[in-house]
Amino acid sequence: MFEFIAEMSRWAIPVILLIVPLVAVLRGVKVYETFVEGAEAGFATAVKTIPYLVAMLVAISIFRASGAMEVLVAALSPLLSLIGLPAEVLPHAIMRPLSGGAALGIASDIIKTYGPDSFLGRLVSTMQGSCDTTFYVLTLYFGSVGIKKYRYSVLLGLVADLTTLVASVCIVRTLF
Amino acid sequence: MVNFIWLVMVVFGIVVAGINGNIEVVTKAAFDGANNAVKISISLIAIITFWLGIMKLAEESGLVRALAWLVRPVMRFLFPSVPREHPAMGAIVMNLSANILGLGNAATPMGLIAMRELQTLNHSKDTASDAMCTFLALNTSCVTLIPTTIIGIRLFYGSTDPTDIVGPTIIATAFSMVVAIVVDRLLRLLYSGKRR
């Protein structure tokens, strides 16, 4: 099953790149001209995200480098131990929505220290695999179309992250 | 809420650095963060340009519409404010599929294309629409069938079965996806009064 999915991932993009131009030609689309016409907006879209990403990543960077992250971890740890989250993975849980790279660093550190097949190793692997860098995604996606007012999407993203966290703990505890 | 979180991260960070006596890290961290952000955006130029070209072809050839038509029962339920067979539907499906297959390089451009399409339907251009909130909730809570990076790390540190976390990962994300859809509905109702 796993091999099948891995194979699908490998083939997905080449197959799309084959099918799309072929169908386009059959439907009478001028492929080269149309591609260029669409691609024109690429530069503007990417550059438009700069101010949003700068704002968000500067804040996250200050928050991490200053040691404020550790203070937050210490403050939240009694609360999160209520849902059965081991203290060792708490920094990962807090970092995951903010910074994908930093969270991955924490995860590999835990895996290295406790072993990949330990409870903590499996838990942090599941957490890394199932959560997303919510703040980064929101900033990037909204930034690309110039949206400044996020309404309830931050709250919604955090609720989803917390659910994943609780679910990961429960499932890893039950299965292993 | 994003204003508040942003302010707290900056102010709290500076205060903690000051108390810890290493205020100089703040300046460096700020510039590092800014530098990193610009690098990410610049590195996106290439893949976004490429996928925008391919997506334009897919749109003109009717493939996006066909895809939107295929998934319309689910999508009509999730995105009632988006017209059936609108190109946004196709782009959303492409983005979610790329996410599920763990194709990061394709997922982000597809997502940005979906946002462009959703923005054409948005009434106030600086405010997130209902459909955008739903889309981002699905995007961030979405299943990844093969979390490649973490499997690699597990393998590196000598796991006897590096892929045994795939099952738990899928169950956990399925859970959060259901919760995200339900909470999205509730928040949409709650906020719909404020909007108009």
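Trainee: What percentage of the residues of chain B count as buried?
Mentor: This is a predicted model, and every value is computed from it. A residue is buried when its relative accessible area is under 20%. Chain B has 196 residues. Of these, the share that counts as buried is 51%.

Trainee: Which kinds of element make up chain B, and in what order do they run from the N terminus?
Mentor: Chain B holds nine helices and zero strands. From the N terminus on, its elements therefore read as helices, since helices and strands are the runs that are numbered here. The order is α-α-α-α-α-α-α-α-α.

Trainee: What share of the contacts in chain B with a separation of 6 or more joins residues 24 or more positions apart?
Mentor: The C-alpha atoms of chain B fill a box of roughly 60 × 55 × 35 Å along the principal axes. Among the contacts with a separation of 6 or more, residues 24 or more positions apart account for 59%.

Trainee: Which residues of chain B are in contact with A:F142?
Mentor: Neighbours within four places in sequence are left aside here. In chain A, the contacts of A:F142 are A:I147, A:Y150 and A:S153. In chain B, they are B:M115, B:A128, B:M132 and B:L136.

Trainee: Which element supplies the largest share of the lining of the largest cavity?
Mentor: The structure holds one cavity of 30 Å³ or more, and about 30 Å³ of space lies in the largest cavity. Its lining includes A:S153 and B:L136, two residues that are also in contact with A:F142. At least two lining residues each come from α9 and α10 of chain A and from α7 of chain B. The largest share, four residues, comes from α7(B).

Trainee: How many charged residues are in the lining of the largest pocket?
Mentor: The largest pocket has a volume of about 1,200 Å³. Of its 44 lining residues, those closest to the centre are A:R96, A:G100, A:D132, A:T133 and A:Y136. The element that gives the most to this lining, with seven residues, is α2(B). The lining divides into 21 nonpolar and 19 polar residues, and the charged residues number four.

Trainee: How do the residues of the lining of the second largest pocket divide into nonpolar, polar and charged?
Mentor: About 730 Å³ of space lies in the second largest pocket. It is lined by 24 residues, and A:L72, A:L76, A:I94, A:P97 and A:L158 lie nearest its centre. The elements that give two or more residues are α5, α6 and α10 of chain A together with α1 of chain B. The lining divides into 21 nonpolar, one polar and two charged.

Note on methods: Residues are numbered from 1 along each chain as its sequence is written. Chains are lettered from A and ligands numbered from 1 in the order in which they are written. This is a predicted model: local features need pLDDT of at least 70, side-chain atom pairs count only at pLDDT 80 or more; totals for chains, interfaces and linings use all residues. Side-chain values use heavy atoms; hydrogens and water are left out. Contact means heavy atoms within 4.5 Å. On a 1 Å grid over the protein atoms alone, a cavity is a set of points where a 1.4 Å probe fits but cannot get out, and a pocket is an open set with protein on both sides within 12 Å along at least five of seven lines; lining residues have an atom within 4 Å of a point. Grid points are joined across faces, edges and corners, and a volume is the space filled by probe spheres set on the points. Ala, Val, Leu, Ile, Met, Phe, Trp, Tyr, Cys and Pro count as nonpolar, Asp, Glu, Lys and Arg as charged, and the others, Gly among them, as polar. Buried means under 20% relative accessible area, exposed over 50%, partly exposed in between (1.4 Å probe, protein chains only).
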